[in-house]
Amino acid sequence: MSHRTQIQTVRRILAVLLSLCLALTLAMQAALPARADDKQKELESQKQQAQEELEALKEEQQDNQENLESAQQDREATAQKRTELEGQMQTIQQKIDELEAQIAEKEQSINEKQAEIDQKQADYDAQLDSFAERLTAMQYLQSSGSIQLLSSVSSMFQLLTYANVMESIAQQDQQICDDLNDQKAQLNAEKEELEAQKADLEAQEAQQQSNVNSLEATTNELTNTIMALDSSISEAEAREQALASAISDKQAEFNRIADELDAYLQSIINDAQNSFADAPISCSLNFICPLDSYKYISCQYGAGGHKGVDFAAAGNTPIRAVASGKVITSAYHYSYGNYVMVYHGTDDQGVSYTTLYAHMIQTPSVSVNQAVSQGDVLGYVGSTGNSTGNHLHLELRVNGARTNPLNYVPH
């Protein structure tokens, strides 16, 4: 074999080796995004699960807080009602005490009136006995002594005097008895009036006592309700502490996964930057607005911890790359929905720039490792993921750190 032929053979072998190396390099580069995509999906899945668990805990905490506040309000209202009823019972008890005092006074008046009636009856009986004795004496005179008495009368005057005296005595006795009977009847009427008043007072007392008994039963029910509410409040407070601890732990887990995901996304950016080390992408910072038109900015960067800018726009509005670059992520995320990340390279100071476009209406129009030019369509405005309306969520990472896109992107 001639020397020239040997050289040609070596060249052919080297060419084949170079081709193999190039093919292997391309295969490895093609394989890396697949492995990266799997890792990213795994982290996003973990983050989504942690987020869902965290939201479930917070929802349970909210429900528990509402139950706690409701139980506290119910307890306060019940305690107020019990206090009002206790005040009513105290007022009624004072009324009962007054009625009992009045009943005691009426009872004393009735006893005094009965004593007067008894005395009148005794006076009447004594007068009646005296009258009976006189009648007996008069009967004796009429039976035997009257003849003798009359026989001793010496004149008509004496006879008339005797008759007048006897009639006067009888009239006086009759008047006395009538007066006593009238007085007794008056006393009985007064006694009956007192007894009626006493009965009325006793009826009032019975009614007031019934009211007290009813209020006591209601108060006991309220006391039992307060005890049950106290138990519910204690359980809710204990649950609140447990949930706060669980939320703290889950938040820490979520933050860890989120940090890991952000670190991984940063590694993707770094890998993209390193892959262009020999032929780096130069970022001129001459960005354009990602939308040809939009309604308004619905959420500014930093509002409530927001890490991007939201452009409210009609559905299916084209989303354009703000600058040339390379697609490093094209996937679905539970929060971002359908989204794309584009690495735009570095500026003259070596600072890297990466943009993220989220909530696309459907699968992005570009794929990983695809080169895009400024203004190329990446996808279309939608509301996938954690979104409440059609809009574009735009993020800008400068050296991997989220930065307000409006500092660079015209709007």
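Predicted model: local features only at pLDDT ≥ 70, side-chain atom pairs only at ≥ 80, totals over all residues.
Partly exposed, for this talk, means a relative accessible area between 20% and 50%.

Let's start with R75. Its relative accessibility is 28%, so R75 counts as partly exposed. What does R75 pair with? It forms a salt bridge with D230, and the closest N and O atoms are 2.3 Å apart. R75 sits in helix 1, residues 3-151, and D230 in helix 2, residues 156-275, so the bridge ties together parts 155 residues apart in sequence. D230 is partly exposed too, at 27%.

Why do such pairs form? Side chains of opposite charge can pair when their charged atoms come close.

The whole structure has eight salt bridges. Here are some others. E260 bridges to R256, at 3.7 Å between the closest N and O atoms. Both lie in helix 2, four residues apart, about one turn of the helix. E260 is partly exposed at 31%, and R256 is partly exposed at 47%.

Next, D292 and R320. Their side chains meet at 3.1 Å, N to O. D292 lies in the loop between helix 2 and strand 1, and R320 in strand 3, so this pair links parts 28 residues apart in sequence. D292 is exposed, at 58%. R320 is partly exposed, at 21%.

There is also a network: salt bridges link E53, K250 and E253.

Last stop, G379, in strand 8, residues 377-380. Buried or exposed? Its relative accessibility is 2%, so G379 is buried. Beyond its neighbours within four places in sequence, G379 contacts T317, P318, I319, M360 and S365. The C-alpha atoms of G379 and A358 are 9.4 Å apart.

Methods
Residues numbered from 1 in each chain as written. Heavy atoms only, no water. Helix = DSSP H or I, 4+ residues; strand = E, 2+ residues; numbered from the N terminus. Buried < 20%, exposed > 50% of the residue type's maximum accessible area, 1.4 Å probe, protein only. Contact = heavy atoms within 4.5 Å. Salt bridge = Lys/Arg side-chain N within 4 Å of Asp/Glu carboxyl O.
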